[in-house]
Each structure stands twice: as structure tokens, then as C-alpha cells.
Amino acid sequence: MRKKAKTGLSNYRIIVVDDEIGIIDSLSVILRRSGYDFTGVTDPLEAVEKVRNEKYDLMILDYLMYPVHGDKVVEMIREFDKEIHILLLTGHNELAPPLETIKALDIQGYCEKSDRFDQLLLWVESGIKSISQMRTIRKFRDGLNEILRAVPKIYSLQPIDTILEDILQELMPLVDGENAFILADDITDMSEEGHKSIFKGIGKYRATINHFMEMLSPNLMEYIGYARITKQRVELEEGVILPLNNEKSQAIGVIYVEGANRDDGIELLEIYTNQAASSINNAFLHSLVNMKNEELSRTYDQLKLRYMDTIEALRQAVDARDIYTRGHSDRVALYALEIGKAIGLSPEELETLRIGGIFHDIGKIGTADDILLKTDKLSDEELKEIQKHPLKGARILSAVSMFKDVVPVVKCHHERIDGTGYPEGLSGDSIPLLARIISVADAFDAMLSDRAYRSRLTLEEARQQLLNGSGTQFDSHIVSVFLDIIDKMKDTGLLHETETGRE
């Protein structure tokens, strides 16, 4: 996650106007040492022109100067600049302008000259805080105006590809950024495995689907899934992920944004994202998808294929990290399918079960090798880390909706019937049926596999372990069905007893 960056004081420009060059030199040292952008001027009329032609945030102004006094300088500046913060200095308290003049000219501070500049620095720091607050207010004002201006455009009757492009282009000024992408669901086109997904990117994310998928690291995929699951923004070091929530509080996608000023603009981003979600939802609901049907279908299919390729590559990376886990996911899927067929699952459920078996350990991609390959007993902290993999896997698969039915299978495959499993401590029938099947298949293959921390069990020992866990760790009906399957698979030679990770 991301640490908030401090706004540099060099972002604030200070101009000091005093006809004493010694004062200019002293304040130059002090203010530059503090990190401010400093300009010193001895001619008050020159200072007026500098403020007219350049942008300064704060002016420190001497009162008694030649050829014009400080109050006249302020009067001239206020004709064209109402926002610059002005601190007035005087070495003669009795000659200072009256309070009415200070108020009328909107002079924010008044300070007597001194050999020490402590009081002046306090005034400067106070002024900078005020300027920072005004910047935020103006940013919100301007940002809201931009949102109001952009809303009719993103709600207009345009192709969805154009709407997504407009959404991304309009949010960039809010964060002073160039790079962003949208992953969104077409809620009007429901396939057997879930909504189809489409993406649009700008900046460095304006890429082919192949290149785009290469940019999605496992961590970014996990955080995208987390944003969709929780319907909350996720702030990262490089950018922020904002869920696209429709009026029914359903996540229909995410926007990922990289920008220089995300701290000040985050609330504006969320306001804008809500509008963006509504416009995308509106476009799909009213069938305003004017991209050619074959082009849109090709985009859907390519995204699905490339995301599947990416997940498969991650799965193989998990298996390849340890000789003891190679082939584990494929065998779990095989055993789970046999159970599913035996209890009469539909073809759609069997496909979900197969994918769940293949990808059940995908969350281990983020687990350190020294934990996965440890031969000794895990410490409590290491155990907590390994037990995060079902949630991590669920989040990775949640990034796009095509895996929505697989997510609970992956998330819950280490839950136990007696409620002592993880990550949520579910029990009995509250554990999804397909997850209960994967749990049995996963445990069985682990028993018949050599692991870094123990040798494999014999087939009879594994059968006995399943029976011992029936009704507590495992669903008793599934165990009963699987024991029959084991006998049949052994007779037909389909059962591998030499299979070879830590669960």
C-alpha cells in the first residue's frame, strides 16, 4: 500500500519586496533554507510587474519604501490579483497604515521588523497553511466544475469505447496525470461464466490486450479484485484503484489512475467515478454499444483469453517453485471432477469446479519461498502468512467478472465443516459445495505427495485420514463418494500414488 507523500515547500513561491538589500539577503538565506522558492526585489514598482507577469503565492512587503509605500503597492496589485497572500513589514510601528487600510486591501498579516525573524517565519508558515487550504478549495471548486462540464459528455449517446475514452480523458486533470485504465463489465451480455469484460487505457496503458496483460502484476491484479470485492478504493504507491459501483452498489468494474496530485484530488476522483459508473451502466442498459458487434466480441474474447493465460502462467509459476507441488493443481482438478460427476453436478458446475481446482492455490504467488519450502514447523506468523493465500487467490480472480463463480471456491477451499478452518471460519453448509469438494481433493493429493516437511502417506493411510476428518474437517458425504471413486480409479489405473508444497 501507499505512503502519503508530503507536498514540497518548493511548490510555494515567495516574493520579498524591501528597499534594504540586507533584508533581502537575510530572508533569502532563511526562506531558501526552509525549502521555499524565493525571489527578492528592491524596487516596489518592479515587484508589481513581477506579480502581474508571474505566479507568486506569498508576498512579504516592506511598508516604507521609495518611490511608493507598501500600501500603494498592495492597492496596485489588488487590481489584478486578489489571491496572493500578503504580509506587511514595518520598522516604524507608529507609521504603520491604519487597521481599516489593512482590512480594505486584504492584507493577511502584519509584522514588525526585528533582528530575529522568528515571528516572521511563524507568519510565513501560517500563511502557507492558509494558501494550501485555499489551493484545496480551488481544486475542489475547479474539479467540481470540470465534473459538471464532463457529465453531459460521458452520458451522451456514443459508442461505449468512446465513452470509456472520454471518462479517462476527463479525469486526468483532476490528478495531473496521463496514465489510467478502465476494466468494466458489459451487464447486458451475460455468458455462462459471467459478465464479459472490456478494457480501455490511455497513456502507457493505451496498449494491445497482450501488452496490457503484461502490465498487470500479481499484486495489481489482487488489489483490483480487492477493490471490487470491498467496493472501496485502494491506494498504491504508483496509483489508486477506484471501484465502479452502480446505483445498486454492485461493482461493475474499476478505474486505475496514476497521477501527481492524488492526495488532494482523491475525493473528486470518487465523485467523478460515481458519475462514470452511472454513465457506463446507462450505456449498457440502453444498448448504446455502437462498436461493431464482431469487434466488440473479439475484444471480449481476447481479454478473456489473455487473462486466462496470465492466471495460468501464475499457476504454473506457483507449481514450478517447488518440485513437491508440480502437477498438484491438475490432480486436484481431476479428483474434484470425478466427485462432481458422481454427485450429479451440471456441466456448468463441473467447469467451475475444474477451474477452481486448477487455480485453488493461485494466491501462493505472493508467498515467500522460505515459507513455502520450509522443512521445519511454521511459526505463528508464518502460518498466518500461508493462510492468506485463499483470500489472495480470490482477489486475483475477482479482478474480472468471468471468474465470479470460481472466486468462492478458491476462497473457501480451506474452510472446515466444524468451523475451525480459514479464512472466515465458515462451517457446514455455509461452505460452498464446490469448495467442500476441492477441500477433499486437495487434502487427498497432499497426503499422497512427498512434501518438504514429510514423506507421502500410503493409499490406505490417506483413506484413513479422510475417514478421520469426515464430519469435522471434510463433508462426510463427499468423503464417502470419493472413497468409492478412489477404489474405481485404482482399479482402472487412473490413480497416481507417486505424486508429489505446504498447505
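Q: Which residues touch the most other members of the largest nonpolar core?
A: They are Leu 216, Ile 224, Ile 241, Tyr 307, Ile 311 and Phe 403, in a core of 35 residues. A nonpolar core joins buried Ala, Val, Leu, Ile, Met, Phe, Trp, Tyr and Cys residues through side-chain atoms within 4.5 Å. Buried means under 20% relative accessible area, exposed over 50%, partly exposed in between (1.4 Å probe, protein chains only).

Q: Which elements give two or more residues to this core?
A: Two strands contribute in this way, S6 (179-191) and S10 (251-258). The helices that do so are H7 (209-215), H8 (218-230), H10 (293-320), H12 (347-359), H15 (389-398) and H16 (407-411). Helices (H or I, at least four residues) and strands (E, at least two) are DSSP runs, numbered from the N terminus.

Q: Which one gives the largest share?
A: Helix H8 does, with four residues.

Q: What is Ile 224 in contact with?
A: Apart from neighbours within four places in sequence, Ile 224 is in contact (heavy atoms within 4.5 Å) with Phe 181, Leu 183, Leu 216, Ile 241, Val 254 and Ala 399.

Q: How many residues are in the second core?
A: That separate core has 30 residues, including Ile 437, Leu 448, Ile 478 and Phe 482.

Q: What kind of model is this?
A: It is a predicted model, in which local features need pLDDT of at least 70, side-chain atom pairs count only at pLDDT 80 or more, and totals for chains, interfaces and linings use all residues. Residues are numbered from 1 along each chain as its sequence is written, and side-chain values use heavy atoms, leaving out hydrogens and water.

Q: Moving on, is His 413 buried or exposed?
A: His 413 is buried, with a relative accessible area of 1%. Its place is in the loop between H16 and helix H17 (433-447).

Q: Which residues is His 413 in contact with?
A: Beyond neighbours within four places in sequence, they are His 360, Asp 361, His 389, Pro 390, Ala 435, Ile 438, Ser 439 and Asp 442.

Q: In what order do the strands of the open sheet run?
A: The order of the five strands is S2-S1-S3-S4-S5, with parallel pairing. Strands pair if DSSP finds at least two bridges between them.

Q: Which are the edge strands?
A: S2 and strand S5 (109-112) are, since each pairs on one side only.

Q: Why is strand S1 largely enclosed?
A: S1 (residues 13-17) is largely enclosed by the rest of the structure because four of its five residues are buried.

Q: How many bridges join S1 to S2?
A: Five bridges join S1 to S2 (residues 37-41), and the partner of Arg 13 in S2 is Asp 37. S1 also pairs with S3 (residues 58-62) over four bridges, where Val 17 stands opposite Leu 61.
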